[in-house]
Amino acid sequence: MLDFLTTILENNKRKISFPNKKKSENFVKKLFYTLFTPDQNILNDAVFFKKNYEKLKKLLYEIFIELNINEKDSNNLTKVFFKKVPDIYNILIIDANAILKSDPAATVIEEVFLSYPGFFATALYRIAHQLCIQGVPIIPRLITEYAHSQTGVDIHASAQIGEAFAIDHGTGIVIGSSTKIGNKVKIYQGVTLGAIYVDKKLANTKRHPTIEDQVTIYSGATVLGGETIIGHDSVLGGNVWVTKSVPPFSIVYQKNEIKMRNNSPFPDPINFMI
């Protein structure tokens, strides 16, 4: 038993300390609520609201310290991130309005803030992406995986996504690390933007597709490959499988066939099991 415990201790010695997962999740959750769904009592007290915002800065600083980032760099990273928060907020307002405009079920933008999992996943991605740009290790992945666990939407923090991005329903969406998505793109549930094959040697190459402006991708569609480009203003229908580039203004869909049968009883399917 002593040898086993020693092995655990040795295996868990890292150049980068383990961050506090719950603290990272708590930070991004509080930041989201502060930006989009703050408590009404807080809104009525500007001083208290500002204090809460300052607490978020302190919390992020503490997270960096736990990553063994020195005090000076942790302070600088925190300052840079919060300078970018207004830009993140503004682009997320554009995203929310894109959802409101495109979804007949959405009535007011507050509904998007409060109840749309696609918006929540997009918001956490944009927060994580900024940290990724700043070179922060581990935390961006913790944030996007928290969004994944809450919404079923898996967006890698290093993916590049333009403004007015709209996710409808969202469950089962996967967006790989080197994906590039333009402006005014709409994606439905079950869409995969992935790699044709997985090889560790390709870690630093573009393995995921490029989606140009004003593309709509319907549920269950799969788009694979780093050289695959979906041209602007295209539509990919449900359940299509795309591994080659598609020119602008294309419509890609599966052909459905309907065959009529006679009035005789429908035969039992072969190997039918429940």
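**View 1. Crossing of helices α4 and α5 in the predicted model.** Helix α4 spans residues 46–66 and helix α5 spans residues 71–102; their axes come within 9 Å and cross at roughly 135 degrees. The pair is therefore classed as oblique. The crossing of α4 past α5 is right-handed. On the α4 side, the contact is formed by Tyr-53, Leu-56, Lys-57, Leu-60, Tyr-61, Phe-64 and Ile-65, which meet Glu-71, Ser-74, Asn-75, Leu-77, Thr-78, Phe-81, Phe-82 and Val-85 of α5. By class, this contact of α4 with α5 comprises 10 nonpolar, three polar and two charged residues.

**View 2. The largest pocket.** This pocket has a volume of about 260 Å³. Its lining consists of Lys-30, Tyr-33, Thr-34, Thr-37, Pro-38, Asp-39, Ile-42, Phe-49, Asn-52, Lys-55, Leu-56 and Leu-59. Helices α2 (21–36) and α4 each contribute at least two lining residues, and the largest share, five residues, is supplied by α4. Six of the lining residues are nonpolar, three are polar and three are charged. Leu-56 lines this pocket and also belongs to the α4 residues that meet α5.

**View 3. The second largest pocket.** The volume of this pocket is about 210 Å³. Ile-94, Asn-97, Ala-98, Lys-101, Ser-102, Ala-164, Ala-166, Lys-184, Val-185, Lys-186, Gln-214 and Thr-216 form the lining. Helix α5 provides the largest share of the lining, five residues. By class, the lining divides into five nonpolar, four polar and three charged residues.

How values were computed. Residues numbered from 1 in each chain as written. Predicted model: local features only at pLDDT ≥ 70, side-chain atom pairs only at ≥ 80, totals over all residues. Heavy atoms only, no water. Axes fitted to C-alpha atoms, helices over the stretch in contact; angles between N-to-C directions. Helix = DSSP H or I, 4+ residues; strand = E, 2+ residues; numbered from the N terminus. Parallel < 35°, antiparallel > 145°, perpendicular 65-115°, else oblique. Left-handed = near helix turned anticlockwise from the far one by under 90°. Contact = heavy atoms within 4.5 Å. Nonpolar A, V, L, I, M, F, W, Y, C, P; charged D, E, K, R; others polar. 1 Å grid on protein atoms, 1.4 Å probe; cavity = no way out; pocket = protein on both sides within 12 Å on 5 of 7 lines; lining within 4 Å. Points joined across faces, edges and corners; volume = space filled by probe spheres on them.
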